[in-house]
Amino acid sequence: MQNRNRFGLLAKDYAAHRRGYPQEVYRVIQEHVPKGAVDALYVGCGTGVVTYELAKFCYSVIGTDKEKEMIELAQANAQITALLRLLQQKVCHFPILHLIL
């Protein structure tokens, strides 16, 4: 079965023209992070814009996207640390249990 959505083909344009979210969005997300929670999983992270913001208030962040080109741009623009991981992976194949355990 052929992929119907290939956002990876538009990754550079997406990164160049995608507007960021207002800071209010991140404030609301932060308010809903349970006290004591340290890890975040962002499925469909694209070029990583939100992933970087999550890394400011979560101890460990994993961003995943099925499009190789999106992850490549996210990695190129990120200051990757051991606490921020970016993976090319379809969510249906993501080994979530290995991350939780």
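Contact means heavy atoms within 4.5 Å of each other. The exercises below concern a predicted model, in which local features need pLDDT of at least 70, side-chain atom pairs count only at pLDDT 80 or more, and totals for chains, interfaces and linings use all residues. Residues are numbered from 1 along each chain as its sequence is written, and side-chain values use heavy atoms, with hydrogens and water left out.

**Exercise 1. Contacts of Glu53**

Task: State where Glu53 is found, whether Glu53 is buried or exposed, and which residues Glu53 touches.

Solution. 
1. Glu53 belongs to helix H3; helices (H or I, at least four residues) and strands (E, at least two) are DSSP runs, numbered from the N terminus.
2. With 15% relative accessibility, Glu53 counts as buried. Buried means under 20% relative accessible area, exposed over 50%, and partly exposed in between (1.4 Å probe, protein chains only).
3. Leaving aside residues up to four places away in sequence, Glu53 touches Gln23 and Tyr26.

**Exercise 2. Overall architecture**

Task: Describe the secondary structure, burial and surface of the protein.

Solution. 
1. The protein has five helices and three strands, in the sequence pattern α-α-β-α-β-α-β-α.
2. Of its 101 residues, 28% count as buried.
3. The accessible surface is about 7400 Å², and 56% of this belongs to carbon and sulfur atoms. Such areas come from the Shrake-Rupley method with a 1.4 Å probe; for residues, only the protein chains shown count as cover.
4. Among contacts between residues at least 6 apart in sequence, 48% join residues at least 24 apart.

**Exercise 3. The aromatic pair**

Task: Identify the geometry of the aromatic pair and the surroundings of its rings.

Solution. 
1. A search of the whole structure gives one aromatic pair. Rings of Phe, Tyr and Trp (its six-membered ring) pair if their centres lie within 6.5 Å; planes under 30 degrees apart count as stacked, over 60 as edge-to-face and the rest as tilted.
2. The ring centres of Tyr21 and Tyr26 are 6.5 Å apart and the planes stand at 85°, so the pair is edge-to-face.
3. Tyr21 is partly exposed, at 38% relative accessible area, whereas Tyr26 is buried, at 6% relative accessibility.
4. The charged end of Arg18 sits over the ring of Tyr21, 4.5 Å from the ring centre. The criterion is NZ of Lys or CZ of Arg within 6 Å of the ring centre and within 35 degrees of the ring normal.

**Exercise 4. The buried side of H4**

Task: Explain why the buried residues of H4 lie on the same side of the helix, and state what covers them.

Solution. 
1. In helix H4 (residues 68-77), Met70, Ile71, Leu73 and Ala74 are buried.
2. These residues cover an arc of only 160° around the axis, which puts them on the same side of H4. The arc is that of the directions from the helix axis to the C-beta atoms.
3. An α-helix has 3.6 residues a turn, so residues three or four places apart point the same way.
4. The cover of the buried residues of H4 includes helix H1 (11-17), helix H3 (49-54), strand E2 (60-65) and strand E3 (84-88).

**Exercise 5. The largest nonpolar core**

Task: Name members of the largest nonpolar core and the elements that give two or more residues to this core.

Solution. 
1. A nonpolar core is a set of buried Ala, Val, Leu, Ile, Met, Phe, Trp, Tyr and Cys residues joined through side-chain atoms within 4.5 Å.
2. The largest such core has 12 residues, among them Tyr26, Val50, Leu54, Ile71, Ala74, Ala78, Leu84 and Leu86.
3. H3, H4 and E3 are the elements that give two or more residues to this core.
4. Ala78 touches Tyr52, Leu84 and Leu86, with residues up to four places away in sequence not counted.
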